Amino acid sequence: CGNNFKCNSGEYIPLSRKCNGDFDCLDLSDECNVHCSNQVKIFSHVTLCIAAWVVGTVSVIFNACIIIRNIISFSELKTSVAKTNSCLMTVISIGDVLQGTFLLLVAVADKFINKSTCFTQFKWTTSKICNLLGVISTIGSQISLFSMTLLSLQRAIGVRSMVRPSDDLSRKSKMILIAEVVAIFGFAIALALLPLLPIAEEYCEI
């Protein structure tokens with residue numbers, strides 16, 4: 001029939017599904033053929049790849065320096081507010097380091113993916129390495145987001161209460177801060193891994 005496309009593996013699919021970016025044939029021939037130009041590329045232009053290298057490198061180095069500085073100077077901080085802010089800023093920097101690492105790894109992957117065939121690109125997009133990059137990106141972005149939100153809330157509460165900050169973190173405050181940091185990392189990791197669960201795949205198919 002003129003409105004169907006015959007896959008090299010023998011089955012037929014609607015012609016509208018040919019070259020639409022989704023693999024419908026068992027042998028991938030609906031997308032991997034001379035008529036399709038929708039090859040998967042991470043970066044559409046070399047300038048974007050260069051930008052990923054630059055931004056990723058700067059992000060990793062700059063935020064790594066912030067983490068080291070905050071760790072070294074933590075014991076010298078005089079008030080509980082300063083120590084809490086320093087801790088949350090360190091967590092934010094950890095998230096940004098992960099984001100920078102993600103950009104660098106994607107730039108490295110782009111160097112190889114753009115030279116590959118349609119079939120190997122499909123293997124890449126469904127590979128564990130590609131999933132890992134997605135997990136790193138999600139964890140990094142969510143850690144930064146949750147930490148900045150918590151930092152803003154604590155600053156707003158401090159300004160509103162106008163209470164003089166204590167000289168040091170009490171045992172209760174330390175436990176709360178530890179719980180907050182653990183929760184930030186826990187929620188970020190959970191959100192990153194949730195799409196990889198089998199139940200999420202079944203939901204996407206529906």
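Biologist: In this predicted model, does L28 count as buried, partly exposed or exposed, and at what relative accessibility?

Modeller: L28 is found in the loop between β2 and α1. A residue is buried when its relative accessible area is under 20%. L28 therefore counts as buried, at a relative accessibility of 11%.

Biologist: What is the phi of L28?

Modeller: Most residues other than glycine have a negative phi. L28 is not a glycine, yet its phi is positive, at about 70°.

Biologist: How far apart are the end C-alpha atoms of α1?

Modeller: Helix α1 has 28 residues, and at 1.5 Å a residue these should span 40 Å.

Biologist: Which residues of α1 are buried?

Modeller: In an α-helix there are 3.6 residues a turn, so residues three or four places apart point the same way. The cut-off for a buried residue is a relative accessible area under 20%. In α1, the buried residues are C49, A52, G56, S59, N63, I66, I67 and N70.

Biologist: Which element gives the most to the nonpolar patch?

Modeller: The nonpolar surface patch covers about 860 Å² and is made by V46, I50, W53, V54, V55, V58, F62, V108 and F112. Two or more of its residues come from each of the elements α1 (46-73) and α2. One of the patch residues is V55, which lies in helix α1 and counts as partly exposed at 48% relative accessibility. With seven residues, the element that gives the most is α1.

Biologist: Which residues does D110 contact, leaving aside its neighbours within four places in sequence?

Modeller: D110 is found in helix α2 (residues 80-113). Its relative accessible area is 6%, so D110 is buried. With those sequence neighbours set aside, the residues in contact with D110 are I42, F43 and C49.

Biologist: What distance separates the C-alpha atoms of S147 and I92?

Modeller: S147 lies in helix α4 and is buried, with a relative accessible area of 0%. Beyond its neighbours within four places in sequence, S147 is in contact with L88, V91, I92 and I184. S147 and I92 are 55 residues apart along the chain, and their C-alpha atoms are separated by 5.8 Å.

Biologist: How are the rings of F146 and F187 arranged: stacked, tilted or edge-to-face?

Modeller: A pair of aromatic rings is described by the distance of the centres and the angle of the planes. The count of aromatic pairs comes to one. The ring centres of F146 and F187 are 6.5 Å apart and the planes stand at 70°, so the pair is edge-to-face.

Conventions: Residues numbered from 1 in each chain as written. Predicted model: local features only at pLDDT ≥ 70, side-chain atom pairs only at ≥ 80, totals over all residues. Heavy atoms only, no water. Phe/Tyr/Trp six-rings, centres within 6.5 Å; stacked < 30°, edge-to-face > 60°. Helix = DSSP H or I, 4+ residues; strand = E, 2+ residues; numbered from the N terminus. Buried < 20%, exposed > 50% of the residue type's maximum accessible area, 1.4 Å probe, protein only. Contact = heavy atoms within 4.5 Å. Patch = residues over 30% accessible without salt bridge, like charges linked within 9 Å, V, L, I, M, F, W, Y side chains within 5 Å. Areas by Shrake-Rupley, 256 points an atom, 1.4 Å probe, with all protein chains shown as cover. Salt bridge = Lys/Arg side-chain N within 4 Å of Asp/Glu carboxyl O. Expected span 1.5 Å × (residues − 1).
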